[in-house]
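Hi everyone, thanks for coming. Let's have a look at the structure together, and I'll talk you through a few spots.

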Amino acid sequence: MLVGDELQSIQEIARKIRVHTIKMTYSAKSGHPGGSLSIADILAVLYFKILNVNPEHPDDPKRDRFILSKGHASPALYAALALRGFFPVELLSGFRKIDSDLEGHVHRGIPGVEASTGSLGQGLGIGVGMALSGRINSLDYKVVVALGDGEMDEGNIWESMMAASKFKLANLIAILDRNKIQLDGYTEDIMPLGNIADKVRSFGWNVIEIDGHNVGEIYDSLKEAYSFSAGPTFVIANTTKGKGVTYMEGNPKYHGKPPQNEEEYIKALSDLGEKL
Amino acid sequence: MNWKIESLRDAYSRTLIDLGHLDERVMVFDADLSSSTKTWRFGKEFPERFFNMGISEQSMVTAAAGAALSGKVVFASTFAVFLSRAYEQIRQSICYNRANVKFVTTHAGITVGEDGATHQMIEDVGIMSGLPVMSVVVPADSVETVSMLYFLHDKTDGPFYVRLSREKFPVINDDDYEFRLGHSTTLRDGSDLTIFSYGATVSLSLQASEILASRGVDARVINMSSIKPLDSDAVIKASVDTGRIITVEEHSIINGLGSRVAEVLSENKPSRLVRMGMRDEFGKSGHSWELFDYFHIGVDDIVKTSEKLMKEV
């Protein structure tokens, strides 16, 4: 359980991830703030409390693997990696720019990034392969894959879901950023997902449902997933797209649009409690 | 010609097991076709390193990527026509990640035979060649299959596409043949024209060259088993030495070897070129070797095309 100062420090990291997301996308004049803001708390807990990773030894064979399957949330991941010490925070300002390695979508080659992603639906399968390798090598690392709810439309996800279940991959954990919005609108309008918990459970996964902005709940669910030994665990994290920036919250427009002008930019930072 | 006939798929499964003994990193995936691709034999020998992903190519390809990114040397197999379902996974998860995955597909081309057009993959070389980072190689017989697989395992660490067939092929290479990436093999030298080919049509080209020789036409026959990277020097040299070039493939003439050779000729040393292959059409059911005649890429067609070319230029 996370309490007191520990809880607050994680919340502060999540806030910083959000601030960087706004700064990076505004500076790049492009990018995906909505889904980055919704996953900020999850990434803060993962990188600062859960994942066994060490910026000094990013290639340690025993490290946990994290894959951001929803690779358009790259600003949030890059910010989390920089804050965790994988590379200098100053580099974040290069996001999406010609002289930077910080590709628009998550790019392997950036320290701490395990796999390039951005075409939706593929990260869970990559996680299956990494989990199988860990088992063969008798390494007890975990593989955590963050999914978007829009990408649950992809058949590849459900194929990989079956595979993880068949091979009883207890070292594989998926966490779904259930923000209920995809590019064209609301998930339940574009392609209804219905009762995801029931669907995933029927695929043979252990399912936990939480509030994806409550860092205590995120922490507890991942701890439970880490100790579950019968098969893969799927954490449904209910979130709000654009969380923390009032005009972006629940607004499909900001899936792939940064603050549109200086006024919006200042408002976003102010909402996030950032002094200008 | 007195060739023995051998299965490329058997050579593949035999080599897989050898590599599995040599290297514990070797891991194999299949998509419910292991009985046909013959990867099941590796699975029998190394059950802990063999994974049948069911009829789900996208799942297979992405898992192969994950395994390779964890340090494994991955072989992944299915029929050539079905792998293309996961084209975009190959693009993003394999090639862009530079994952060490060797796709070894079987049942490519029209030599699938009776199963017909739905199963006859005739555009895979083009699809795979277009991918950055991907290399494309096609063995002409069992000997080359073995040598190629060892080369890929021992000397490369990026993604490859290896195209195998259902049909058994005549063994045209000597036992000491060694595959080299980016190099071709001149199987018969000649001064009048050059026939470039790969896979099943190499033995057909050789047979045609014997007939042509008896009629006074001296044909050079080159096995272009390394399609990407291509042995451009061999193409330019042929253009200088013989002029008159023919490409033969059980693949579309669009984006296949014919297109690649045309590009090299145009940019370097143009010569008259005739591309023999599938002419923007689907295959059909029939016996493999009958289909070569049906689609006008059989031995007689190569002979006729050569003689016509001799008269024209």
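So, which residues form a negative surface patch? They are Asp211(A), Glu217(A), Asp220(A) and Glu224(A). A patch here takes residues with over 30% relative accessible area and no salt bridge, with like charges joined within 9 Å and nonpolar side chains (Val, Leu, Ile, Met, Phe, Trp, Tyr) within 5 Å. Asp and Glu count as negative, Lys and Arg as positive, and His and the chain ends are not counted.

Quick housekeeping: this is a predicted model, where local features need pLDDT of at least 70 and side-chain atom pairs count only at pLDDT 80 or more, while totals for chains, interfaces and linings use all residues. Residues are numbered from 1 along each chain as its sequence is written, chains are lettered from A and ligands numbered from 1 in the order in which they are written, and side-chain values use heavy atoms, leaving out hydrogens and water.

Back to the patch. Helix 8 of chain A, residues 215-227, gives the most to it, with three residues. Helices (H or I, at least four residues) and strands (E, at least two) are DSSP runs, numbered from the N terminus. Glu217(A) sits in that helix 8, and it counts as partly exposed because its relative accessibility is 32%. The scale goes like this: buried is under 20% relative accessible area, exposed is over 50%, and partly exposed is in between, with a 1.4 Å probe and protein chains only.

Now, salt bridges. Side chains of opposite charge can pair when their charged atoms come close. The cut-off is a side-chain nitrogen of Lys or Arg within 4 Å of a carboxyl oxygen of Asp or Glu. How many are there over all chains? A search of the whole structure finds 28.

Take Arg178(A) and Asp149(A), whose closest N and O atoms are 2.9 Å apart. This pair links distant parts of the chain, 29 residues apart: Arg178(A) is in strand 3, and Asp149(A) is in the loop between strand 2 and helix 5 of chain A. Are these two buried or exposed? Both are buried.

Over in chain B, Asp10(B) pairs with Arg41(B), again with closest N and O atoms 2.9 Å apart. Here helix 1 holds Asp10(B) and helix 3 holds Arg41(B), 31 residues apart. Asp10(B) counts as partly exposed, at 24% relative accessibility, and so does Arg41(B), at 26%.

Notes. Areas by Shrake-Rupley, 256 points an atom, 1.4 Å probe, with all protein chains shown as cover. Charge placed at Lys NZ, Arg CZ, Asp CG, Glu CD.
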